[in-house]
Amino acid sequence: MSTPTQFDDAALRDLIACPRCDLLHRSHRVADGCVGRCKRCHTPLIMPRAQAIPRIIALSLTVLILLVGALYFPFLELNAGGFSNSASLLDAATAFNHGLLIPLSGAVAAFMVLLPAVRVASLVYALVPLLFHQPPARYSAYALRLANRLRPWAMAEIFIIGVVVALVKIVDLADVTPGPAFWAFSVMVIILVLNDTYMCRWTLWNALTARR
Amino acid sequence: MERLDGPPLTARRAGLVACTQCTRVQRPAKNCERCAAPLHAREYMGLQRVWAWLTVGLLLYIPANTYPMLLTSTLGSTSASTILGGVVELVQYGSYFIALIVFVASVAIPVMKFAVIAYLALSLKQMVPISAHQRLVLFEVVEFIGRWSMIDVFVVAILSALVQLGFVATVNPGPAAACFALSVVFTMLSAQSFDPRLIWDASEETPEK
Ligand SMILES: [Zn+2]
Ligand SMILES: [Zn+2]
């Protein structure tokens, strides 16, 4: 058994505990593109990527631009027997517009548009000063924590699979044409997934606090 | 990574706490010195939240299946379909693959999730035949796929927004959509309240071979 005094401040900075099993490790430099795993449960602990911060910022900004486009342009157009209807992303978000289902509209809008946007925006906010070798902005720790916490709740990629399922359901009954917003949103989802591969919490948090 | 010598030396055993948000290892305090998140060596209270969220999620899953998910009206006649009814319809159309996706996302995943979370929570108190490693894998599977259950809610949202052709055809969401979405949210909260580090504490007392 060890005592709390076993590690001095410098040694503490060197330690990394597995978030899944709490096993302590002495961290060492992991090469870019490699993964340092927990010795007991093999959870990835450190997975640095070359140029992670500029890439995360660039990808996040691209996501925001694509999202604005996806909101502005028509998402899907439906034609059946001479009738037609076009739906934007916001129409899909506000489809639950009757009585008790209204709160669900807010939730759907949050899951597919709002939370992904807040997530990438807080990443940009927290990381941009580091790119220009400036001290971190105020509340940047909160922003980075928020981006991490929102990860399971930002469901853009699930939404786009939902769109595909919905299209297959009605493809026999009507002609559906994907609009520019559909393609913008699909590309955005791919970029979001790519962005997450650059997210190593160990590296990002160390970068954020190194300049304090 | 370099493992420290001796028996499994966890942060807690060393008198330290690891922040679950930013991974910083530090001396016990109320909040993390780096990111200000609340610090807990273990989320013991979390287990009560796990059961509370799980119960609410399970209760909401019942109306999610009995009430209609979609209200379809074509040329004056209205039909309502439940989650399982929608899967059956897809099979009848011959869209087996999509039927499988909807069945897995809306039925198989939620039911499996309820069972696995309950099993993991119980396994902290009782001896179970599967190792801590395998239980961690179960937890990570639940954590990863739980959110994919939301597919069906999005399908309903898109169909309701798109199919609005007046008398010819309209699709509207049924009350099950809200119950189902809430059920998914509550089971996600339940899984997030579970502290996987507790799995290992029990296994350290009775070491694995
Ligand atoms: Zn571990
Ligand atoms: Zn922290």
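User: In this predicted model, where is Ala36(B) found?

Analyst: The model is predicted. Ala36(B) has a positive phi of about 70° although it is not a glycine. Most residues other than glycine have a negative phi. Ala36(B) is found in the loop between β3 and α1 of chain B.

User: Is Ala36(B) buried, partly exposed or exposed?

Analyst: Buried means under 20% relative accessible area and exposed means over 50%. The relative accessible area of Ala36(B) is 29%, so Ala36(B) is partly exposed.

User: Which atoms are the protein donors of the zinc ion (ligand 2)?

Analyst: The donors follow the spacing C-x2-C-x9-C-x2-C along the chain. They lie 2.2 to 2.4 Å from the zinc ion (ligand 2). The donors are the SG atoms of Cys19(B), Cys22(B), Cys32(B) and Cys35(B).

User: How many residues apart are Cys19(B) and Cys32(B)?

Analyst: Cys19(B) sits in the loop between β2 (17-18) and β3 (25-26) of chain B, and Cys32(B) in the loop between β3 and α1 (46-66). Cys19(B) and Cys32(B) are both buried. The pair links distant parts of the chain, 13 residues apart.

User: What is the arrangement of the four donor atoms around the zinc ion (ligand 1)?

Analyst: The protein donors here are the SG atoms of Cys18(A), Cys21(A), Cys38(A) and Cys41(A), lying 2.2 to 2.3 Å from the ion. Four donors count as tetrahedral if all angles lie between 85 and 135 degrees. Around the zinc ion (ligand 1) the angles are 99 to 115°, which makes the arrangement tetrahedral.

User: Is Asp22(A) buried or exposed?

Analyst: Asp22(A) is found in the loop between β1 and β2 of chain A. Asp22(A) has a positive phi of about 75° although it is not a glycine. With a relative accessible area of 1%, Asp22(A) is buried.

User: Which side chain meets that of Asp22(A) in a salt bridge?

Analyst: Side chains of opposite charge can pair when their charged atoms come close. For Asp22(A) the N to O value is 4.0 Å. The pair crosses between chains, from the loop between β1 and β2 of chain A to helix α7 (residues 197-205) of chain B. The partner is Arg197(B).

User: How many salt bridges are counted between chain A and chain B?

Analyst: The contact between the chains involves 75 residues of chain A and 73 residues of chain B. The area buried between them is about 6800 Å², of which carbon and sulfur atoms give 68%. The count between chain A and chain B is six salt bridges.

User: Over which residues of chain A is the pLDDT below 50?

Analyst: The mean pLDDT of chain A is 88, and 96% of its residues reach 70 or more. Where pLDDT is low, the predicted coordinates should not be read in detail. In chain A, the pLDDT is below 50 over residues 1-5.

Technical notes: Residues numbered from 1 in each chain as written. Chains lettered and ligands numbered in written order. Predicted model: local features only at pLDDT ≥ 70, side-chain atom pairs only at ≥ 80, totals over all residues. Heavy atoms only, no water. Donors = N, O, S within 2.8 Å, 3.2 Å for Na, K, Ca; no water. Helix = DSSP H or I, 4+ residues; strand = E, 2+ residues; numbered from the N terminus. Buried < 20%, exposed > 50% of the residue type's maximum accessible area, 1.4 Å probe, protein only. pLDDT = per-residue confidence, 0-100. Contact = heavy atoms within 4.5 Å. Buried area = accessible area lost by both parts, 1.4 Å probe. Tetrahedral: all angles 85-135°; square planar, octahedral: opposite > 155°, others 65-115°.
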